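Subject: Structure handover and notes

Dear colleague,

Please find the structure we spoke about placed just below, followed by my notes on what was found in it. I would be glad if you read the notes with the structure open beside you.

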Amino acid sequence: MEKPFAVGHERKVELVAPAGDADRLKVALGYGADAVYLAGKKLGMRAACRNFDGDGLKAAALAVHALNKKIYVTANIFPSDADFDGFDEYADLLGAIGVDGVIASDLGIINRLLKRTELSVHVSTQANVMNSETARVYADMGVKRIVLARELSLSQIRRIRDGLDDGVSLEAFVHGATCISYSGRCLLSAYMSGRSANRGECNQACRMEFAPVGGDAMEFVEDGGTYIFGGNDINMIEHLGELSDAGVEAFKIEGRVKSEYYVGCIVNAYRKAVDAMLCDAELPRDVAEEPKKAPNRGFNTGFYYGMPERADVKPEYYDFCGIVVGRDERGATVEMRNRFKTGDVLEVLSPDARFHNKLVTVPVMTGEDGAAVTDAKVPCARLLFGGVDLPELSMLRRPKQKQA
C-alpha cells in the first residue's frame, strides 16, 4: 500500500452528488452535498434518468444557488454530427441560467464550449485522463476541472496535480459502481441490447447476474448466478484524507440512476466523513459502516492503492421503506416505497442528526382518504404516521427482508 502524502496545503474539498431528477436533487442538497451533477434531456450519459428539461434546469439552478451550492450539467456522450444540431442554443441556455460547469468528454464539444461560451468546462472521466501530459493539454485549452479516470493510483494523481497550475482542479470518484471498461467506454450494453453506453443508454449489463447453462461453450443467461462481469463498488470513505493529500479537491459520488434512498444514505455518510477529515477528527465507526446499508456489490478501494482486491462477500443492505414528504402537528406523512405494517420497527435515515438512526415503531396509519391502514402495500401511497415527529426528507429503512 502506498503511503499517504504529507499535507502541505489547506484542504479544499467539494462533495459532488448525483441528481438524476428533481427528487434526487432535493435529497442530495438536503443531505449535505456541496454540488450536484445532472443532465438535460440531451447529451447526458444517463438517458435512463428522468433528467431535466429547460424549465427544470432553470429551477434546479435556482434551487442550488439559493443554498450557495454549485450545479454541473453533463454533456458527456460521444456525439455524432447530428448531436450538434441545436447544440449552440442548448449551451446558451446553460449559460443563461448560470450553471457552474459543463462536464464533457468529446473534444468537439469541449472545443465548441470553450470557443463560443463563457461556461466553465470540466473534462469527464469518460475522456480517460490517465497522465499529466494529457491533463496539461486540456488545461492549455482552458478547462477548469479534470474528472480523473478511475484507474489511477494516488501517486499517479499526485504527479498529475504537480503538473498543473492552481487554476485547474481535480475531481475523482470516491463511491459507487465501477465499469469493466476504461472509465466507462463499454460496448457490452450495445452488443447485448442495442443500447449504447457511450450515448447515455447503458443497461448495466455487466452488473446483471448470470449463470452457466451447460455445455462446453459456457453460455450465460441472466438468471440467478454470478456477477461475472461486474466489479465491486468503490468505497473510499475511510481514505478521503489520502485523496485530498494527493491533490483531489472534488469528491464525486456515482449514482444518477440510483434511488433517492441511495443518494441520501451515501451523501449523508460522506458529508460526515468530509467534515471529520476537515477537522482532523477520527471517522466514527457508524459513519464508516453506513454505506453498507445502501444497495451495493461489495466494496474495495478501486485502483487508488494498486490493483483492487475483489470482495466476494454477498452484501446485505437495507430495504428503503418510505420517505417523509410532510410534517405537521399531527405527525409525519410518509410516501411508501417497500411494504411495511403496523408494529414493524424501522430505522431512520435523516439529514437531521437528532433523528438519524433512531428507531420508529409503525403506528396504525391513516390514508389520504382518512381510513385506517395497518398494511402499507400500495406503492407511493401517502400515509400519516400520527404522533411521529420526523423531518421532511427523512427515510425509513430496515435490514433487507429474506425471501420466504
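In what follows, a helix axis is a line fitted to C-alpha atoms over the stretch in contact, and angles run from 0 to 180 degrees between N-to-C directions. Please also keep in mind throughout that this is a predicted model.

With that in hand, we can begin with helix packing. Helix α3, which covers residues 87-96, packs against helix α4, residues 107-116, at an angle of about 60 degrees, and their axes are 11 Å apart. Angles of 65 to 115 degrees count as roughly perpendicular and those under 35 as roughly parallel, and α3 and α4 are therefore oblique to each other. Their crossing is right-handed. On the α3 side the contact is made by F87, D88, A91 and D92, and on the α4 side by I109, R112, L113 and R116. Sorted by class, this contact of α3 with α4 has 4 nonpolar and 4 charged residues, and no polar ones.

The crossing in which α1 passes α9 is right-handed. Here R24, V27 and A28 of α1 meet E260, V263, G264 and V267 of α9, and by class the contact of α1 with α9 has 4 nonpolar, 1 polar and 2 charged residues.

Helix α9 also carries R271, which is buried because its relative accessible area is 15%, where buried means under 20%. Leaving aside residues up to four places away in sequence, R271 touches L15, Y31, G32 and D34.

Turning to the chain as a whole, its secondary structure comes to 10 helices and 22 strands, and 53% of its 404 residues count as buried. Among contacts between residues at least 6 apart in sequence, 67% join residues that are at least 24 apart.

Which residues touch the most other members of the largest nonpolar core? They are L38 and I146, in a core that has 82 residues. Helix α9, residues 260-278, provides the largest share of this core, with 11 residues. Apart from this core lies another one, of 19 residues, among them V324, M336, F340 and L396. As for I146 itself, and again not counting residues up to four places away in sequence, it touches V123, V129, A135, Y138, L164, V168, S169, L170 and E171.

Another residue to look at is F251, found in strand β11, residues 250-253, which counts as buried because its relative accessibility is 0%. The residues that F251 touches, not counting those up to four places away in sequence, are V13, E14, L15, V16, A172, V174, L240, L243, S244, V274 and M277. F251 and H175 are 76 residues apart in sequence, while in space they are 8.6 Å apart, C-alpha to C-alpha.

G54 lies in helix α2, residues 54-66, and with a relative accessible area of 32% it is partly exposed.

Most residues other than glycine have a negative phi. N128, however, has a positive phi of about 60 degrees although it is not a glycine, and C380, also not a glycine, has a positive phi of about 70 degrees. Where do N128 and C380 lie? N128 lies in the loop between β5 (121-123) and α5 (132-141), whereas C380 is found in the loop between β20 (375-376) and β21 (382-386). As to accessibility, N128 counts as buried at 16% relative accessibility, and C380, at 44%, counts as partly exposed.

With best wishes

Notes
Residues are numbered from 1 along each chain as its sequence is written. This is a predicted model: local features need pLDDT of at least 70, side-chain atom pairs count only at pLDDT 80 or more; totals for chains, interfaces and linings use all residues. Side-chain values use heavy atoms; hydrogens and water are left out. A nonpolar core is a set of buried Ala, Val, Leu, Ile, Met, Phe, Trp, Tyr and Cys residues joined through side-chain atoms within 4.5 Å. Buried means under 20% relative accessible area, exposed over 50%, partly exposed in between (1.4 Å probe, protein chains only). Helices (H or I, at least four residues) and strands (E, at least two) are DSSP runs, numbered from the N terminus. Contact means heavy atoms within 4.5 Å. A crossing is left-handed if the near helix is turned anticlockwise from the far one by less than a right angle, and right-handed if clockwise. Ala, Val, Leu, Ile, Met, Phe, Trp, Tyr, Cys and Pro count as nonpolar, Asp, Glu, Lys and Arg as charged, and the others, Gly among them, as polar. Angles under 35 degrees count as roughly parallel, over 145 as roughly antiparallel, 65 to 115 as roughly perpendicular and the rest as oblique.
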